[in-house]
Amino acid sequence: LLGVNQRSLVTNDEGLGEFAEAFGYSFTNGGRFTEEGIPAFGFTKDDKMLAFDHFRRHRLLSADDAFKHWSEDNVTLHEVRRFTTAYTGWKIAEGRVDFTDLLERGGAALPCDAVIVDEAQDLSPLQWRAFWQFAADAARVYIAGDDDQAIYEWAGADPATFLAQPGRVEVLPQSYRCPKAVSDLAHGIINRVQVRQPKEWSPREGVTGVVSYAADVDQLRVPEQGSVLFLYRNHKYADAIIRFLR
């Protein structure tokens, strides 16, 4: 749509190493993106400055304004200014673009009667701007999401922008997955959040459920019968869970 050759994209495998060598930076995982289009970064200072550059552009803010919403103690405003200037200039000189550049360039309206976006609470202001460009000719637009589940603010997502979208709001009143014990715990936590869409919903019918706490994977207990599904938040826990189950 934008006429950009894939070989022009800056990724961890293509281009980013050249920039790092030219300007004295070192990145561990920069340039990779999740399936949701969220940048995946490491945790060194240089990784954080690359993450900041994407963050400021996703929030549609200058480096100075974005830094006010940034919470990395070991990175200074002077350092991120220097980084963003160098990175932007290098891309222009080398004819390179990254995925955030593609969003900034925008797009044409898609030939669709209806457009649906899911997990909308995790869209950034920049992604919202691109989305409405894509949906400009649609007769119907459906936005599905839950601001209580917004987890990508560190990457530029802004649940307040999600809540400000136009249209009729419908809160789904019934969960078919969450048992009562879990919903009671969840409500007790989320109701502390002051800026949110109020929601009244009922837990899964006929299932009380249990909430228990374990200090370590080895304290988990697997029933002798039935099926058990193990979910983990971070991949670093996977090996321990696999060993435990084996």
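Guide: A helix here is a DSSP run of H or I with at least four residues, and helices are numbered from the N terminus. The model is a predicted one. By that definition of a helix, α4 is followed by Gly-95, a residue with a positive phi, near 65 degrees. The helix itself has 18 residues and spans 26 Å from its first C-alpha to its last, close to the 26 Å expected at 1.5 Å a residue.

As for the rings, a search of the whole structure finds 17 aromatic pairs. One of them joins Tyr-87 and Trp-90: the ring centres are 6.4 Å apart and the planes lie at 15 degrees, so the pair is stacked. Both residues belong to helix α4 (residues 77-94), where they are 3 residues apart, about one turn of the helix. An α-helix has 3.6 residues a turn, so residues three or four places apart point the same way. Tyr-87 counts as buried because its relative accessibility is 1%, and Trp-90 likewise counts as buried at 6%.

A pair with another geometry is formed by Trp-128 and Phe-131, whose ring centres are 5.7 Å apart and whose planes are at 85 degrees, so this pair is edge-to-face. These two residues are 3 residues apart in helix α6 (residues 125-134), or about one helical turn. Trp-128 is buried, with a relative accessible area of 2%, and Phe-131 is buried with 7%.

The buried residues of α4 are Val-80, Phe-83, Thr-84, Ala-86, Tyr-87, Trp-90 and Lys-91. Among the elements covering them are α1, α2, α3 and α5 (99-105). For Tyr-87, the contacts beyond its neighbours within four places in sequence are Val-10, Leu-16, Phe-19, Leu-50, Asp-53, His-54, Arg-57 and Asp-98.

Note on methods
Residues numbered from 1 in each chain as written. Predicted model: local features only at pLDDT ≥ 70, side-chain atom pairs only at ≥ 80, totals over all residues. Heavy atoms only, no water. Phe/Tyr/Trp six-rings, centres within 6.5 Å; stacked < 30°, edge-to-face > 60°. Buried < 20%, exposed > 50% of the residue type's maximum accessible area, 1.4 Å probe, protein only. Contact = heavy atoms within 4.5 Å. Expected span 1.5 Å × (residues − 1).
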